[in-house]
Amino acid sequence: MKKTNLSEHNAAGIPSGEKYRIGVVVAEWNDNITYAMTDGATETLQHYGVAGNNIVVKHVPGSFELTTGADLMLKNDASLDAVICIGCVIQGETRHFDFICQAVSQGLTNVALKYEKPVIFSVLTTNDMQQALDRAGGKHGNKGVEGAVTALKMIKLQQELSKK
Ligand code: RBF
């Protein structure tokens, strides 16, 4: 069966996070959404063995600032294995949406390549609030949970490849 919703993940394929240290950067815009995603992410990390004191949560004003937030975290804490970036950008009447989405997706890619560490794009880009609610613990799961699972898988991949 094609898997479209990682929130219903298969525990068998998910690495243990026991030895991992993970940053979470959270945008405060649309915080009813981003805080629910953050809860989903941190609960999932702990469920898979990441110690509470190895989950470092920092807040930034809006999704545009996620890039700087992730960069600062990786620059100042070399023991982080990955950073999960959580935001919610909702389409408004102006083109602001396009600029923020473009900047943050490209910005986070650049940070990942700069530090050679997984930087996870858990940013909702929706037409309206209902679509965001549906993805922050609603009918389409919780994309924060998916971000956590993705981080665990990417750290494992990086560690496997860097041993060779
Ligand atoms: N930040 C978000 O995370 N989600 C949004 O939907 C969002 N919409 C914005 C709309 C406008 C018109 C402006 C000016 C900012 C918006 N921001 C949003 C904030 C943005 O990410 C950033 O914090 C500010 O532009 C300051 O750099």
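Which elements each supply at least two residues of the shell around the ligand?

1. The model is a predicted one. In it, E3 and H3 are the elements that each give two or more residues to the shell around the ligand. Strand E3 spans 82–90 and helix H3 spans 96–115. The largest share of the shell, three residues, belongs to E3.

2. The ligand is located in the largest pocket. That pocket holds about 280 Å³ of space. Its lining is made up of 15 residues, and those closest to the centre are Trp29, Val89, Ile90, His96 and Ile100.

3. By class, seven residues of the pocket lining are nonpolar, six are polar and two are charged. For the shell around the ligand the corresponding division is six nonpolar, four polar and one charged.

4. The residues that surround the ligand are Trp29, Asn30, Gly62, Ser63, Phe64, Glu65, Cys88, Val89, Ile90, His96 and Ile100. Trp29, Val89, Ile90, His96 and Ile100, named above as closest to the pocket centre, are among the residues of this shell.

5. Which backbone atoms does the ligand approach? A polar backbone atom of Cys88 lies 2.8 Å from a nitrogen atom of the ligand. For Phe64, a polar backbone atom is 3.1 Å from a ligand oxygen atom. Ile90 likewise has a polar backbone atom at 3.1 Å from an oxygen atom of the ligand. The ligand exposes 540 Å² when taken alone, and the protein buries 68% of that area.

6. Two backbone angles deserve a look when the model is inspected. Most residues other than glycine have a negative phi. Asn30 is not a glycine, yet its phi is positive, at about 55°. This residue is part of the loop that joins strand E1 (22–27) to helix H1 (31–47), and Asn30 also belongs to the set of residues around the ligand.

7. The second case is Glu116, again a residue other than glycine with a positive phi of about 55°. Glu116 is placed in the loop between H3 and strand E4 (119–126).

Terms used. Residues are numbered from 1 along each chain as its sequence is written. This is a predicted model: local features need pLDDT of at least 70, side-chain atom pairs count only at pLDDT 80 or more; totals for chains, interfaces and linings use all residues. Side-chain values use heavy atoms; hydrogens and water are left out. On a 1 Å grid over the protein atoms alone, a cavity is a set of points where a 1.4 Å probe fits but cannot get out, and a pocket is an open set with protein on both sides within 12 Å along at least five of seven lines; lining residues have an atom within 4 Å of a point. Grid points are joined across faces, edges and corners, and a volume is the space filled by probe spheres set on the points. Helices (H or I, at least four residues) and strands (E, at least two) are DSSP runs, numbered from the N terminus. Ala, Val, Leu, Ile, Met, Phe, Trp, Tyr, Cys and Pro count as nonpolar, Asp, Glu, Lys and Arg as charged, and the others, Gly among them, as polar. A residue is near a molecule or strand if one of its heavy atoms lies within 4 Å of it. A polar contact is a pair of N or O atoms within 3.5 Å; within protein, one must be able to donate a hydrogen and the other to accept it, and residues adjacent in sequence count only if both atoms are side-chain atoms. Accessible areas come from the Shrake-Rupley method with a 1.4 Å probe; for residues, only the protein chains shown count as cover. A molecule sits in a cavity or pocket if more than half of its atoms lie within 2 Å of its grid points.
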